[in-house]
Amino acid sequence: DHPHAPKKTKTTAPVSAFRKSLGNEKGLVNSWNEWDTLEEIIVGIADKAVIPPKEPAFEMKVKDSGKIHMLEGTGYRTEQSIKMANDQLNYFVELLEGEGVVVRRPDVVDFNVPVKTPDWEVPRMNTSACPRDLLLTLGNEVIEATMSWRSRFFEYRPYRGILKDYMKRDPCMLWTCAPKPLMADNLYRSDYPTDYSAKNKELVRNYIYLTSEEEPIFDAADIMRFGKDIFVHMGFTTNEFGFEWLRRHCASRGMRAHMLHFPDDLCPFHCDATFVPLRPYLALENPARPMEPFERRIFEENDWKLITAAQPNTMEMPALSQCSPWLCMNVLSLSEKVIFCEETEKEMMNLFNDYGFDTIPVPFRNVFEFGGSFHCVTTDIRRRGKKQSYFK
Ligand code: ABU
């Protein structure tokens, strides 16, 4: 009864319609790994996508793909390429729906607009074709990643409608935004060589990347989910500070985060063409990007078998694709028995068949220039299983 204590008033405020409506669909968001039976997913769209602008973090990537002329591109991708990509995305959606999977699509957002913050400005943005790069589902939680390129700073916009809807319908859903980075000049090493020289090799071998440790950054596509454990691919799009944010966040949820390095990859960038779990105790690795031997130990000690991906069908990538031919590994599991694969990747499908999987071949090469293949263009919302531990 302090004299300055606020007066106790009896509130008569009505419970809002929003609060009242909560609780209809419990457990709508629930996905702990990459292989349990898929029930609901977001699939990206190619509409209004642009050629990403020149910026420090992008330059090395397009050099890797031999597509340096992309940096000269301006504005939208062509109407024809957008239509061709959307046709293949829509066909993939039909297949998913035919398998009983609920599919959500992002809102169409115009990416051909300049973005300015107090620290920088870019003439346009990127794409909503790749929700996997932005959204990380850990059980009942969807995390919006920090992102690492300036052109992707606002990439959450096409997904806000979907996330609000999940939040309204699923009373257990957690919606988290990782700290937005400033992405000021000191996040990018201006003296970093991008010529694939011996110096590049030495830097990557020492885990020094084009992005610095100025602030936490990560792209969600650098994370592979194995139930209670997640593995985080370190490189140009995820730094140690970003890993530390993820590690502490996971610890607060009774989970564990582990780093992975692939020092032969001169432009390490997203895990899903490098190391991909297929089912409990079986994962696919990229023969051109071996994992550090000391990091393999946790898999060996826990009876995981790591199988080597087949060579890509072709090393030729579609014009304006900034991805590597290892998109042949960028598959999506419908369950721990069935995998969606690009229809031309026969060797990869044979490999999966040898290990007891059924494969669903899907034409998808027209999507590649929008940022990836099946794993990149999706984000799991619900898979049937629960959190389990596959590591002692
Ligand atoms: N976003 C996946 C691309 C990875 C790669 O180019 O190898």
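Asp-380 is buried, at 0% relative accessibility; buried means under 20% relative accessible area, exposed over 50%, and partly exposed in between, with a 1.4 Å probe and protein chains only. This is a predicted model, in which local features need pLDDT of at least 70, side-chain atom pairs count only at pLDDT 80 or more, and totals for chains, interfaces and linings use all residues. Residues are numbered from 1 along each chain as its sequence is written, and side-chain values use heavy atoms, with hydrogens and water left out.

- Asp-380 pairs with Arg-383 in a salt bridge, with 2.5 Å between the closest N and O atoms; the term stands for a side-chain nitrogen of Lys or Arg within 4 Å of a carboxyl oxygen of Asp or Glu.
- Arg-383 is also buried, at 1% relative accessibility.
- A network of salt bridges joins Asp-380 and Arg-383 with Glu-34, Arg-132 and Arg-225.

**Other salt bridges**
- The count of salt bridges comes to 25.
- Side chains of opposite charge can pair when their charged atoms come close.
- Arg-152 and Glu-155 form a salt bridge, their closest N and O atoms lying 2.7 Å apart.
- Glu-155 is buried at 1% relative accessibility, and Arg-152 is buried with a relative accessible area of 4%.

**A link between helix 8 and strand 12**
- Glu-285 and Arg-296 meet through their side chains in a salt bridge of 2.8 Å, N to O.
- This pair links distant parts of the chain, 11 residues apart: Arg-296 lies in helix 8 (residues 293-301) and Glu-285 in strand 12 (residues 282-285).
- Helices (H or I, at least four residues) and strands (E, at least two) are DSSP runs, numbered from the N terminus.
- Arg-296 is partly exposed, with a relative accessible area of 21%, whereas Glu-285 is buried at 10%.
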